[in-house]
Amino acid sequence: MGKSIEVKTDVNAGFCFGVKRAIALVEKILNEKAKVYTLGPIIHNPQEVKRLKEKGVKILNDIDCVKSGYIILRTHGISLELRNKLEKNKTLYIIDATCPFVKKAQDIIKNLNLQETTIVIVGENSHPEVEALVSYGAGKCVVIENPMEALEFKGMGELNIVSQTTQIPQNFNAIVKILKKQFKVNIYNTICKATLERQESAKKLAKKVDLMIVVGGRNSGNTTRLAEICKTQTKTYHIETIDKLDDKWFNNIKTVGLTAGASTPDNIIKSVQNKLREILQKRILQREENKNLDKTIF
Ligand code: SF4
């Protein structure tokens, strides 16, 4: 039998500190047999959210439809208006699972909001974290997603630039560079450490392999950006689960790298890892069979 093709898994693949903390809080309250609600999905991974749902967690879009129980706030935070509404509610217990890195960005914006200033948030306009950040800036925030938008930005005075926690530093820096040419800027780089570590190690791994598989929610911003980074280095596919792996991707591939977003659970990473080994092993056996067949013919 030929030697197997190694699947190299990124050391930083999977749950970050903020997600681990949020899931632990949900599990703890579930163990107390209490009613548990989350406002929107607790994290951006449909499979993990489904698992928690099966254990009893209910997802709400509005708090008005419940009278009692625990409301767990998602890792990427909620809007200031919603937080104020929750704080007035005396019958619900609020468990804040907002990641401390997201909280830090919210606090920076809250403080900046006391000044006469424009706050630029570098991030995805429709992402819940960014929507919540905007709410802390009370009309003073502008969201810029990419350098093109920075070039088109028309503003006045001094700018305070804050980042969505899961941005790619190169995008943040490129936007800052453009805005700096026209405005006096104060920079608050709030990209979180876990994001930086994952992006750096994924890029290093992608450089060394023929193909990268990035696992994580389609709705997960940090996973999508990991895939974007890997694509700059090698052929890359972003999948949520093993059923999306396609045998054809592995034609003429010798090395495969595997990474996963900060909200991808271990069991999904392991299942992809095993499936990859299986596919690659099968391919080696096929190659050997073909070689033996060639020998028999000639
Ligand atoms: S990716 Fe960063 S900001 Fe988001 S939950 Fe994880 S540690 Fe917190």
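## The largest cavity

Helix H1 (17–31) makes the biggest contribution to the lining of the largest cavity, three residues. A cavity, on a 1 Å grid over the protein atoms alone, is a set of points where a 1.4 Å probe fits but cannot get out, and its lining residues have an atom within 4 Å of a point.

This is a predicted model, so local features need pLDDT of at least 70 and side-chain atom pairs count only at pLDDT 80 or more, while totals for chains, interfaces and linings use all residues. Residues are numbered from 1 along each chain as its sequence is written, and side-chain values use heavy atoms, with hydrogens and water left out.

How much space lies in the largest cavity? About 300 Å³, where a volume is the space filled by probe spheres set on the grid points, which are joined across faces, edges and corners. Of the 23 lining residues, Val19, Thr75, Thr165, Thr166 and Asn222 come closest to the centre. The lining splits into 10 nonpolar, 12 polar and one charged. For that count, Ala, Val, Leu, Ile, Met, Phe, Trp, Tyr, Cys and Pro are nonpolar, Asp, Glu, Lys and Arg are charged, and the others, Gly among them, are polar.

## The ligand

The ligand takes up the space of the largest cavity; to sit in a cavity, a molecule needs more than half of its atoms within 2 Å of the grid points. Helix H4 (100–112) and helix H8 (193–208) are the elements that give two or more residues to the shell around the ligand.

Which residues surround the ligand? They are Cys16, Gly18, Cys99, Phe101, Val102, Thr165, Cys192, Ala194 and Thr195, with near meaning a heavy atom within 4 Å. Six of the shell residues are nonpolar, three are polar and none is charged.

## The other cavities

Searching the whole structure turns up three cavities of 30 Å³ or more.

## Aromatic pairs

There are five aromatic pairs, that is, Phe, Tyr or Trp rings (six-membered ring for Trp) with centres within 6.5 Å; planes under 30 degrees apart are stacked, over 60 edge-to-face and the rest tilted. Tyr70 and Tyr93 are stacked, because their ring centres are 4.9 Å apart and their planes meet at 25°. This pair links strand E4 (residues 69–73) to strand E5 (residues 92–96), with the two residues 23 apart in the chain. Tyr93 is exposed, at 53% relative accessibility; the cut-offs are under 20% relative accessible area for buried, over 50% for exposed and partly exposed in between (1.4 Å probe, protein chains only).

Trp249 and Phe250 make a tilted pair, 6.4 Å centre to centre with 45° between the planes. Trp249 is buried at 15%, and Phe250 is buried at 0%. Together with Tyr237, they form one aromatic cluster.

## Positive phi

Most residues other than glycine have a negative phi. Lys33 has a positive phi, near 60°; it is in the loop between H1 and strand E2 (36–39) and is exposed at 74%. Asn252 also has phi near 60°, in the loop between strand E11 (235–239) and strand E12 (256–260), and is exposed at 75%.

Notes: 1 Å grid on protein atoms, 1.4 Å probe; cavity = no way out; pocket = protein on both sides within 12 Å on 5 of 7 lines; lining within 4 Å. Helix = DSSP H or I, 4+ residues; strand = E, 2+ residues; numbered from the N terminus.
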